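Please read it alongside the sequence and the coordinates.

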Amino acid sequence: MTTRHSQGLAVFTGLFYLYLYLPILVLVAFSFNTQRLNLTWEGFTLHWYDVLLADAKVGAATRNTLAVALTSTITATAIGTLAALALQRYEFGLRRFSETSLYIPIVIPEIVMGIGLLSLYATLKISLGLTTITLSHIAFSIPFVALVVRARLHGFDRSLEEAAMDLGANEVITFVRVTLPLILPGVLAGAMLAFTLSLDDFIITFFTNGPGATTLPIYVYGLLRRIITPEVNALSTVWILTVLVAVFFSQRLESRET
Amino acid sequence: MSNKRSQLWKGMAALAVIGLALAACGGGAAAPAEDTDDTAQTTSSGFQCPAANPKMEVTSTEVNLFVWTEYVPPDIIECFELVYGVKVNRDEYSANEEMYAKLSAGGAAYDLVQPTDYIVSLMVRQGLLQKLDKSKLPVISNFDSTYMNLGFDPGNEYTIPYQAGTDAIVVNTASVPNVPQSWADLWKPEYAGRMVFLDDSRATIGMVLLTLGYDVNTKDPAQLEEAKNKLAELVPNVKLFDSDSPKTALIAGDADLGMTWTGEAFLAQLEVPTIQYIYPTEGAILWQDNYAMPVDAPHPDTAYAWLNYSMQPDLFWLMMRDFPYTNPNKAALDYAKGSEIVVKDSEGNDVTPKQLYDAYINSPVTNTPPEEVKKGHRIDDVGDATPLYDQIWTEVKGG
Amino acid sequence: MTDFGRAVQRLRQKLAWQGTGLILPGLLWMVFFLIIPLILIVVLSFGWRGAYGPVDWGSTPAEFFSRMSLDNYVRLLDPLYLGVLWTSLRMAGLTTGICLLVGYPVAYYLARVAQRWRSLLLFLLLVPFWTNFLIRIYAWMLLLRTEGLVNQTLVVLGLIPEPLQIMYTPSAVMIAMVYEFLPFMVLPLYTSLEKLDPALLEAASDLYSRPARSFLRVTLPLSLPGVIAGTILVFIPTMGMFVVPDLMGGARTALVGNLVQRQFLAARDWPFGAAASMVLMALTLAATLLYTRVSGFGEELVV
């Protein structure tokens with residue numbers, strides 16, 4: 001690659017990152033705007049952060065979101081890991097069917113799954129709420145966990161397991177003491193993916209939520225449809241900062257490890 | 001790739017911790033008070049909550065409201081939570097059909113909803129609402145009789161009034177020199193691409209029917225077909241349909257004119273004084289929103305408590321400050337007329353109920369002139385023709 | 001059969017039972033929360049809405065089944081709805097195309113840049129990706145309003161006489177969707193490009209006099225798995241998108257996603273909405289299958 005080319009690419013990439021961050025920076029900047037309607041910049045204030053912290057609905061929505069995310073992550077990871085093991089290592093009659101059903105949520109638009117679930121709950125007269133949201137989240141998380149864990153199992157060296165079994169360990173002990181620790185990074189990656197998917201999910205939650213079961217994305221969507229005060233900016237800024245800090249910390253921890 | 005994976009895992013753990021911390025320190029305002037004594041309590045905006053009069057006995061700890069967006073003052077909700085120690089769950093909708101869909105699909109357990117007049121008779125017929133126990137509603141004496149006992153609910157068996165108003169034309173006279181005077185005027189090419197309309201099939205189709213000289217509640221398929229074609233001519237000129245907060249587009253300058261409700265027009269006018277509310281020559285659309293109780297309401301006791309408390313005169317006048325529509329609650333209006341207590345409005349300025357009352361009475365927006373009421377048209381249930389209206393709406397909006 | 005044969009058979013069966021046991025929770029969950037809802041949607045798509053309600057199930061299942069018809073699908077053949085489908089395909093295609101054009105150079109640069117910058121740049125790429133997508137849409141709503149920053153800047157710089165009407169138009173939807181999905185395109189592309197052996201590229205530039213040729217003949221084909229994965233990751237969600245047109249599209253942008261959403265919420269015609277979503281799913285699956293036929297699934301690319 002010639003220097004001119006690489007310079008051109010560098011500039012292009014630079015512009016790209018500018019384009020990527022400009023909206024977010026503007027968003028953050030305007031969270032300090034004194035003007036309630038947030039159309040033009042009027043002055044600097046921290047008022048909206050006060051409003052945000054006092055906002056009971058935001059707190060409730062955050063709690064709901066985290067509760068759903070934690071529950072669905074734990075369940076989906078467990079079920080998904082087992083499924084990955086089954087698909088990667090065993091031959092059994094229902095194999096093809098299982099594999100297909102696990103791939104479907106990944107390749108269909110979320111809205112189809114959303115309305116499907118809504119129709120299911122409505123037909124069965126199940127009350128919409130945090131429970132239905134959680135059940136739905138688990139449903140779309142399992143395939144992703146399975147996918148990630150399978151990728152990790154691919155090319156997994158089974159000789160360690162065989163050695164353990166030769167030494168007299170039964171299958172369960174082998175699994176717990178040998179297999180699991182070795183696939184743990186993959187399992188954790190899957191768990192983390194499930195957590196993120198649940199935390200961020202809007203479309204499926206949109207169709208399956210009920211009274212008092214508002215999650216943060218749904219709440220933000222509601223806010224976006226009305227008069228948007230800088231409080232939404234403040235909420236967004238806090239959200240972005242949290243993510244930034246989290247990813248930064250993880251990078252630090254990881255580089256310390258290696 | 002495993003680089004990113006473990007990084008993300010740690011990231012998520014940290015995120016969870018931080019998120020929990022945020023959730024724990026956020027939402028401090030509405031901790032339901034264990035003591036429900038009647039000493040005055042204050043909301044987070046500094047409003048002093050009046051005592052509950054009469055105070056009702058409740059055993060439930062929650063109440064589930066399903067209400068219109070931008071329709072219940074936050075102070076009222078906070079006061080109820082403080083005074084009764086009951087948690088208020090509020091879900092919102094921006095179209096009657098949306099509310100109806102959720103209720104008839106079953107599964108969503110709300111205690112109170114706010115149906116507009118025309119959908120009440122439908123909901124009653126479908127068995128979705130329960131009869132109100134008037135003995136538990138002393139608040140009923142607060143209402144102006146003009147808003148009671150109307151055609152959609154004779155004897156007020158299922159509903160009590162909430163707010164009323166009109167749908168009419170709203171214009172920013174600063175950017176629109178040629179102010180439209182009738183619904184039909186809105187088809188003029190000079191307004192193309194600058195209009196905001198209500199995302200409401202009955203109101204908008206009804207308005208089109210009026211321009212054709214037909215009844216807003218017609219069931220005649222031929223007339224409806226005509227209306228569909230006329231509406232199809234209008235839609236390309238519409239910038240957006242909005243029933244969540246039509247005033248936003250007007251204030252931000254994204255739309256210059258259109259069709260909206262009284263409350264939105266009034267609030268827009270406060271921000272941008274050049275915004276005017278015009279009653280069209282064909283007649284505006286009259287409506288009234290009411291409180292009703294779904295048949296499977298899980299907490300009727302707190303629901304009745306809410307109705308009585310939230311619509312107390314010394315509390316309900318807040319509607320004039322936050323969401324100014326025509327107010328059927330005569331007791332609240334009388335209270336405001338005579339009250340000089342000082343509260344903050346949305347801009348943080350001081351204002352008294354009396355000032356709000358004067359503004360309310362003097363504005364032709366909130367205080368609908370009698371001749372406009374006479375000329376106005378009220379939407380009613382159209383029974384079997386309902387799918388026709390829905391279909392027209394789907395087709396002209398292109399989905 | 002010999003004793004040994006029987007023993008093998010027993011072992012195989014035992015393994016099969018184990019496998020089935022492990023897959024069972026996942027399978028049951030998917031059957032109940034995915035397969036059955038999908039079947040329900042298919043069945044619904046042949047049905048009718050009630051006069052007021054979302055579905056007319058009839059008084060008995062037998063009655064419902066006897067009244068099933070293709071009416072909803074026929075209704076979708078109306079030029080109006082075909083137009084909606086076409087618009088969705090076009091928008092999804094355009095979004096994917098633009099993401100590819102913009103994302104490829106960036107991915108290429110990232111794959112070639114020095115290691116010490118790489119992790120920082122990747123980190124910076126991921127951060128917006130990690131924020132909730134509604135926040136990113138909101139950011140663009142702020143920027144694109146008539147009195148928003150984009151217009152203000154353009155007017156102040158004298159580039160335009162008066163503010164552009166961007167908000168509430170299909171352009172606004174495109175801008176937001178491209179922004180939304182760029183990371184989905186860049187990441188698989190980067191992964192694929194990173195795996196390329198620099199020696200191959202050197203050899204290519206030795207063989208071909210012009211960089212463009214070595215790119216087209218060597219680099220691009222080798223990065224094809226990334227291109228495919230990225231395209232799928234952008235195309236599928238874009239096809240079903242309704243949130244962006246809902247918030248930013250105004251009256252004139254209706255995609256299939258909006259049609260389905262409205263039929264299920266405001267318009268209460270679930271059977272019609274179900275039929276529309278069936279068509280949406282068919283289109284999406286067809287496009288995806290076409291891609292994977294052409295090039296394999298690119299499994300190594302997915303996480």
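**Aromatic contacts and packing**

C:Phe242 counts as buried because its relative accessibility is 0%, where buried means under 20% relative accessible area, exposed over 50% and partly exposed in between, with a 1.4 Å probe and protein chains only. This is a predicted model, in which local features need pLDDT of at least 70 and side-chain atom pairs count only at pLDDT 80 or more, while totals for chains, interfaces and linings use all residues. Side-chain values use heavy atoms, with hydrogens and water left out, residues are numbered from 1 along each chain as its sequence is written, and chains are lettered from A and ligands numbered from 1 in the order in which they are written.

**Ring pairs**

- Over all chains, a search of the whole structure finds 35 aromatic pairs, a pair being rings of Phe, Tyr and Trp (its six-membered ring) with centres within 6.5 Å, counted as stacked for planes under 30 degrees apart, edge-to-face over 60 and tilted for the rest.
- A:Phe206 and C:Phe242 form a tilted pair, with 5.5 Å centre to centre and 40° between the planes.
- This pair crosses between chains, from helix H9 (residues 203-208) of chain A, which holds A:Phe206, to the loop between helix H11 (224-239) and helix H12 (243-248) of chain C, which holds C:Phe242; helices (H or I, at least four residues) and strands (E, at least two) are DSSP runs numbered from the N terminus.
- A:Phe206 is also buried, at a relative accessible area of 16%.
- Ring pairs link A:Phe206 and C:Phe242 into a cluster with A:Phe202, A:Phe207, A:Tyr221 and C:Phe133.

**Charges over rings in chain B**

- The charged end of B:Lys230 sits over the ring of B:Trp187, 4.3 Å from its centre, a description that requires NZ of Lys or CZ of Arg within 6 Å of the ring centre and within 35 degrees of the ring normal.
- The charged end of B:Lys397 likewise sits over the ring of B:Phe241, at 5.2 Å from the ring centre.

- Chain B has 15 helices and 14 strands, and 62% of its 399 residues count as buried.
- In H12(B), the buried residues include B:Ala331, B:Ala332, B:Leu333 and B:Ala336.
- The buried residues of H12(B) pack against helix H10 (313-316), H11 and helix H13 (353-362) of chain B.
- Among contacts (heavy atoms within 4.5 Å) in chain B with a separation of 6 or more, 74% are between residues 24 or more positions apart.
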